[in-house]
Amino acid sequence: MRHTPRYLMTDPEEVKRLIRGNPWATFVSPASGGLVASHYPALLLEDEDDIVIASHFGRPDEQLHELGRHEVLVIIQGPHDYVSSSLYAPGDLVPTWNHVTAHLYGVPEILSEEENYAMLARLTDHFESRQPHGRSLSEDEEGTRRAAKGTVGLQMRVTRFDARAKLSQNKTPEVRENIATRFTETNGALAAEMRRVRGPE
């Protein structure tokens with residue numbers, strides 16, 4: 001990502017917050033046949049001090065990615081949207097795109113069959129807990145264990161990250177509030193992110 005100091009996110013806790021709120025991730029691997037990208041959920045492991053995520057790949061994606069043989073890039077994309085220059089002061093004509101994004105790097109550890117099933121159960125419980133009538137893999141352990149054989153679980157300790165919160169910090173408080181107010185109507189998550197950061201006063 002473009003290196004713009006005012007937009008840098010360096011606090012690991014802020015990156016964790018971004019992962020929690022945006023768990024659909026892009027996994028990119030520099031495989032021997034070229035770059036490979038896949039999309040899977042990334043669950044933040046809350047019992048870890050470091051940033052550690054768990055996920056699973058559907059077979060044969062793990063072979064295409066050559067999982068466990070090299071560092072991978074995991075992209076977490078938070079709220080984002082186009083910012084029209086019509087929201088700026090007169091004469092300020094260059095539009096932009098606000099976003100919150102993190103690039104996570106690490107070498108995935110491949111889970112055993114039993115560890116994979118436990119991770120899938122944890123992943124399912126995490127997301128099903130938000131549903132009115134959430135389900136559990138334990139309702140049919142024999143059947144869900146068979147289905148789990150079509151997946152490969154992984155855990156990745158993030159060894160470094162590159163994150164940005166580009167949220168109009170270069171604009172005056174009045175212009176930032178004008179932009180946030182517009183997004184309150186169309187992109188509430190981005191408006192909330194804008195109101196969490198401070199720009200020049």
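**View 1. Helix α3 and its neighbours.** Helix α3 has 16 residues and reaches 22 Å from its first C-alpha to its last, close to the 22 Å expected at 1.5 Å a residue; the expected span is 1.5 Å times one less than the number of residues. Helices (H or I, at least four residues) and strands (E, at least two) are DSSP runs, numbered from the N terminus. This is a predicted model, in which local features need pLDDT of at least 70, side-chain atom pairs count only at pLDDT 80 or more, and totals for chains, interfaces and linings use all residues. Residues are numbered from 1 along each chain as its sequence is written, and side-chain values use heavy atoms, with hydrogens and water left out. In α3, look for N116, Y117, M119, L120, A121 and L123, which are buried. Buried means under 20% relative accessible area, exposed over 50%, and partly exposed in between (1.4 Å probe, protein chains only). The buried residues of α3 pack against β3 (34–41), β4, β5, α4 and β9, where contact means heavy atoms within 4.5 Å.

**View 2. The two sides of helix α4.** Find residues 141–148, where G143, T144 and A148 are buried. Seen down the axis of α4, the buried residues fall within an arc of 140°, so they line one face of the helix; the arc is that of the directions from the helix axis to the C-beta atoms. E142 and R146, on the other side, are exposed. The cover over the buried residues of α4 includes α3 (113–128) and β9.

**View 3. An open sheet of four strands.** Follow the strands in the order β4-β5-β9-β8, with antiparallel pairing. The edges are β4 (43–44) and β8 (109–110), each with a single partner strand, so one side of each has no neighbour in the sheet. Two strands pair if DSSP finds at least two bridges between them. Two bridges join β8 to β9 (residues 151–157), and here I110 stands opposite L154.

**View 4. Strand β5, covered on both faces.** In a regular strand the side chains alternate between the two faces of the sheet. On one side of β5 you can pick out V52, A54, H56 and G58, and on the other I53, S55 and F57, all buried. Seven of the seven residues of β5 (52–58) are buried, so this strand is largely enclosed by the rest of the structure. β5 pairs with β9 in the antiparallel sense over seven bridges, and H56 stands opposite G153.
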